[in-house]
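The following explanation is intended to be read beside the sequence and the three-dimensional model.

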Amino acid sequence: MFRVVVLVVMGGFFLVPIGAMFEFSTRGNSVTAPRNLDAWQNIVKTPDLTDAITASLELAAITTVAMLVLLLPTMVWVRLRFQGLSRVVEFVCLIPLTVPAIALVVGMVPIYRWLNINFSSSILTLSFAYLVLVLPYSYRALDAGLSAIDLKTLSEAARSLGAGWRTVMLRIVVPNMSTAILNASLLSVALVLGEFTFANLLAYENLQVAIAYVGLVDAGTSIAVAVASLLFAFILLMILSYFGRRQAPLAKAEEADFQLGQTIGLSGGLIGRGR
Amino acid sequence: MTAAGTAAVTAAGRPIAGSRRLSLSWVGLVPFFIYVALFLFLPTVILLAGSLADKDGNFTLSNLTTIAEPYLVKSFAASMEISAVSALVGAVAGALLAYAVATGNPRGLLRRAVTSAAGVLAQFGGVTLAFAFIATVGVTGFVYEFVRDRGVDLYANGVWLYELPGLTLIYTYFQIPLMVIVFLPAVDGIRPQWREATESLGGGTWHYWRYVAGPLLAPSFLGCALLLFANAFSAYATAAALITQGGLIVPLQIANLLTSETGRAQPGLAKALALAMIVVVLLVMALYTVLQRRTSNWLR
């Protein structure tokens, strides 16, 4: 009885707002107007939104690739050669969790002013900052993958057969931890697509900022985009939780899940709280 | 820089593999640490230095003392209040939900559905979440209109959605799922044998909760509540999307000081406030870590 009551009340609390967004985005222009999908069609007719969607997708791609290229070789290298530094790297990667994004961005403003003048003022420079935001999540996801394979033996075997480090990385490490790489990538994509704080305060118009602006004029359309981006992120995270469960012995997988869950939970911001 | 990282790893590895020559393998770590230095440590240093400097770059403590101004103290109090209330509500509701899930079938559909949903919903926030609540209990919202047509006016005493109570309500939406994620392992750690042991010693439900399960879960519960507090305290985007002007809570004040276009931008003060936020979050997280360690003593 207790369980039923708890589950029904909570279910209502969590489902009603999402349902209400759908309801709101299909309303007609006046009280008596029939339901329609005008708001959804307006998404593609609003250049602000399409530009921002493109920019956010590009940012997600750049950030994810940069994260993999920067973080994965470093983590592999630390495990093979600098065991003593692994704590340091972990600590550094988890720092962004405890520094509120709104605080971090204050310190980034002068850096971006400099970048704007001396490098580029393109919105894509935001990837530098986003890489910091995705560090903790990517670290935990990749760390879970690396812990599940015997990296030392694998790399020594490959090296003794004459493989160079590039071959070791691309043909030994990457295929052996494809799930972890997928997890890290999905997390970083979801995080970048939902990011608001950095973009807003560094004066760039990414997806979330555009949604907020459009919402001031046309609530229906911006709620429609919001629903769409939410669904997209849900799908990403569902894929993640599906694949996340298939690898490794159960106990280990659950441990990793728990750690990852804690990392995700802490600070949150995956779908746009941006903390 | 990042492409060079792979190259450096590749290049640096070769000489060492066969011989014991002077090691250049540290070169492989350079890109990562350069990046982190530029985009993680440099901002922190800028924060620290900037909060101690005036507009001309001279040393001053005025930024830090300005935090004591009434309007900023008020924002801090509001931030604390919203974080504490949403953390408390979230912790209690989340713990109930975690308990409801933990007492069910550990391999059942319900558990999988709730944990997956919690993982997703704990991330739900920002602009989207603010809009979801505007569409729900805003003045043209679904639920507002539904109960109004049945004679209940939610806003009989004024529209509270865009003020502290509304923001607190919205925050609980991501606090409860977060609590489920972080608290469930502790609830799972409670063994049914302990209850049986209590019963065989003549204890009832009250004794079990008062002397066995309660004391065991208390540190974890408090720790998780602290985590929720830090989570709400750091949140900015939801409030920014909901409240377009004013400085109700500290993150909004920081944003105002940073972006004000009327010449009233005070970057030094913004940095001091950011620093104060970091200090609060660090203190809370340190306490959380201590409590979490106590839990893990018996959990694993």
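The model under discussion is a predicted one. Of the 275 residues in chain A, 49% are buried. Among the contacts in chain A with a separation of 6 or more, 78% are made by residues 24 or more positions apart.

One pair of helices in chain A may be examined in detail. Two packed helices are described by the angle between their axes and the distance between the axes. Helix α3 of chain A covers residues 47-81, and helix α9 of chain A covers residues 178-193. These two helices pack at an angle of about 145°, and their axes lie 9 Å apart. The crossing of α3(A) past α9(A) is right-handed.

Which residues of α3(A) and α9(A) meet? On the side of α3(A), the residues are Ser56(A), Leu59(A), Ala60(A), Thr63(A), Thr64(A), Met67(A) and Leu68(A). On the side of α9(A), they are Ile181(A), Ala184(A), Ser185(A), Ser188(A), Val189(A), Val192(A) and Leu193(A). By class, the contact of α3(A) with α9(A) comprises nine nonpolar and five polar residues, and no charged ones.

Chain A also has a backbone feature that can be found by its phi angle. Ala203(A) lies in the loop between α10 (197-201) and α11 (207-217) of chain A. Most residues other than glycine have a negative phi, and most peptide bonds are trans. The phi of Ala203(A), in contrast, is positive, near 65°. Ala203(A) is partly exposed, because 13 other C-beta atoms lie within 10 Å.

Attention now passes to the contact between the chains. In chain B, 73 residues are in contact with 76 residues of chain A. Helix α2 of chain B, residues 30-51, provides the largest share of the side of chain B that touches chain A, namely 11 residues. The side of chain B that touches chain A is made up of 50 nonpolar residues, 22 polar residues and one charged residue.

α2(B) has 22 residues and reaches 30 Å from its first C-alpha to its last, which is close to the 32 Å expected at 1.5 Å a residue. Where does α2(B) bend? The bend is at Ala37(B) and amounts to about 40°. The buried residues of α2(B) are Pro31(B), Phe32(B), Tyr35(B), Val36(B), Phe39(B), Leu40(B), Pro43(B), Leu47(B), Gly50(B) and Ser51(B).

Val85(B) is found in helix α4 (residues 70-102) of chain B. Val85(B) counts as buried because it has 20 C-beta neighbours inside 10 Å, and a residue is buried if 20 or more other C-beta atoms lie within that distance. Val85(B) and Met277(B) are 192 residues apart in sequence, and their C-alpha atoms are 18 Å apart in space. Tyr144(B) is placed in helix α7 (residues 142-148) of chain B. With 22 C-beta neighbours inside 10 Å, Tyr144(B) also counts as buried. Leaving aside residues up to four places away in sequence, Tyr144(B) touches Val137(B), Gly138(B), Val139(B) and Leu154(B).

The other two positions lie in loops. Ile249(B) belongs to the loop between α11 (237-242) and α12 (250-259) of chain B. Is Ile249(B) buried or exposed? Ile249(B) is buried, because 27 other C-beta atoms lie within 10 Å. Apart from residues up to four places away in sequence, Ile249(B) touches Ser75(B), Ala78(B), Ser79(B), Ile82(B) and Ala239(B).

Ile190(B) lies in the loop between α8 (164-189) and α9 (192-200) of chain B. Ile190(B) has 19 C-beta neighbours inside 10 Å and therefore counts as partly exposed. Not counting residues up to four places away in sequence, Ile190(B) touches Ala213(B) and Leu216(B).

Terms used. Residues numbered from 1 in each chain as written. Chains lettered and ligands numbered in written order. Predicted model: local features only at pLDDT ≥ 70, side-chain atom pairs only at ≥ 80, totals over all residues. Contact = placed C-beta atoms within 7 Å. Helix = DSSP H or I, 4+ residues; strand = E, 2+ residues; numbered from the N terminus. Nonpolar A, V, L, I, M, F, W, Y, C, P; charged D, E, K, R; others polar. Axes fitted to C-alpha atoms, helices over the stretch in contact; angles between N-to-C directions. Left-handed = near helix turned anticlockwise from the far one by under 90°. Expected span 1.5 Å × (residues − 1). Bend = angle between axes of the 7 residues up to and from the residue. Buried ≥ 20, exposed ≤ 12 C-beta atoms within 10 Å, placed from the backbone.
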